[in-house]
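Here's a quick briefing to read alongside the model. Have the viewer open and click along as you go.

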Amino acid sequence: MITANHGKWPIRWDLLVRYRFIETIVLWEGRLTTRHLCETFGIGRQQASKDINRYIRQIGPGNLLYDTSLKGYTPTAAFTPQVTQGVADEYLHLMARNNELSNVFESLALNVANVEVLTVPLRDVRPEVLRPIMQAARQQKRLEVDYVSIQHPDREGRIIVPHTLVYTGLRWHVRAWCEKNQEYRDFVLSRFRDIPEILDDSERGIAGDSEWNARVTICITPDPRLREDQRQVVETDYGMRNGALTLTVRGKLVPYALKLLHIDPDAAQDDPMAQQIVVANRAELVPWLFG
């Protein structure tokens, strides 16, 4: 892997970002085209082709192979990351795009003093596992997988039809139709075992997931037990207007959104200072809560 030299990269930052993008896409999606670079970086096809060829010659010789049937570059069996770590979070957070500015600066490996950021532990997800999940999701195909859970720690064969990757702030899961349970469910990425096998097409796509497609509004207010001046502080903290903050999320993401806000919708804290905010429309959210 190419490393920094006395705190400076031997590659221009703009090229380094594109080289990292090349490695990330080809490793985790299994196919890279000039279009990926053109649409992401706003460059022409000639420049994109030049970047890929320069990567092949100077950065990762032996990492990419052009596949005429796929009309794109694929990772070779000897692929070794040179400008990335080769971990799933690099691809997953690239796809998330929830905080594009932060992701851009992170990809530039800037050393910002006086700033400390807590990160969650990396989950063990292999490229061989994620690639078929993404392919099946984009082509609406059935996927045969081995999966483990807390209730079933021994691997269990299932057939699912994935449609969306979801980041909850703590972990990644894929939303998918489960043929065994005959319903749409969430499957944690780090709990897949072996390599999923892509099967045939399915009619169970994202359009049929009514709980996913439903939009639900969460209304957050300061804990009414706080003093008026304390409530004003909380309102400012959360950017509330008229004493409330409204968030619109997908129905199946309501529990995750509340957990991210550290709100227990079932019981109020004894001390109003502990949580400081509450759900004002809990009755409307009951159908979407866990359990």
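In the hairpin of strand 1 and strand 2, 4 residues sit between the strands, and Lys-71 takes a positive phi near 55°. Those two strands, residues 64-67 and 72-75, pair antiparallel over 4 bridges. Pairing here asks for at least two DSSP bridges between two strands. Bear in mind that this is a predicted model: local features need pLDDT of at least 70, side-chain atom pairs count only at pLDDT 80 or more, and totals for chains, interfaces and linings use all residues. Residues are numbered from 1 along each chain as its sequence is written, and side-chain values use heavy atoms, with hydrogens and water left out.

- Thr-246 belongs to strand 9.
- This threonine is exposed, with a relative accessible area of 53%; the cut-offs are under 20% for buried, over 50% for exposed and partly exposed in between, using a 1.4 Å probe and protein chains only.
- Beyond residues up to four places away in sequence, Thr-246 touches Thr-217, Ile-218 and Cys-219, where contact means heavy atoms within 4.5 Å.
- Thr-246 and Thr-217 are 29 residues apart along the chain, yet their C-alpha atoms are separated by 6.4 Å.

**Aromatics**

- There are 8 aromatic pairs in the structure; rings of Phe, Tyr and Trp (its six-membered ring) pair if their centres lie within 6.5 Å, with planes under 30 degrees apart called stacked, over 60 edge-to-face and the rest tilted.
- Phe-21 and Phe-41 make an edge-to-face pair, because their ring centres are 5.3 Å apart and their planes are at 85°.
- Phe-21 sits in helix 1 (residues 13-29) and Phe-41 in helix 2 (residues 34-41), so this pair ties together parts 20 residues apart in sequence.
- Phe-21 counts as buried at 6% relative accessibility, while Phe-41 counts as partly exposed at 28%.
- Tyr-147, Phe-187 and Phe-192 form one aromatic cluster.
- Arg-204 lies over the face of Trp-177, 3.9 Å from the ring centre; the test is NZ of Lys or CZ of Arg within 6 Å of the centre and within 35 degrees of the ring normal.

**A buried aspartate**

- Look for Asp-89 in helix 4 (residues 88-96).
- Its relative accessible area is 11%, so Asp-89 is buried.
- Setting aside neighbours within four places in sequence, Asp-89 is in contact with Leu-122 and Arg-123.

**The whole chain**

- The protein chain has 11 helices and 10 strands, which are DSSP runs numbered from the N terminus (helices H or I, at least four residues; strands E, at least two).
- Of its 291 residues, 41% count as buried.
- Among contacts with a separation of 6 or more, 61% involve residues 24 or more positions apart.
- The accessible surface comes to about 17,100 Å², with 49% belonging to carbon and sulfur atoms.

Definitions and conventions. Accessible areas come from the Shrake-Rupley method with a 1.4 Å probe; for residues, only the protein chains shown count as cover.
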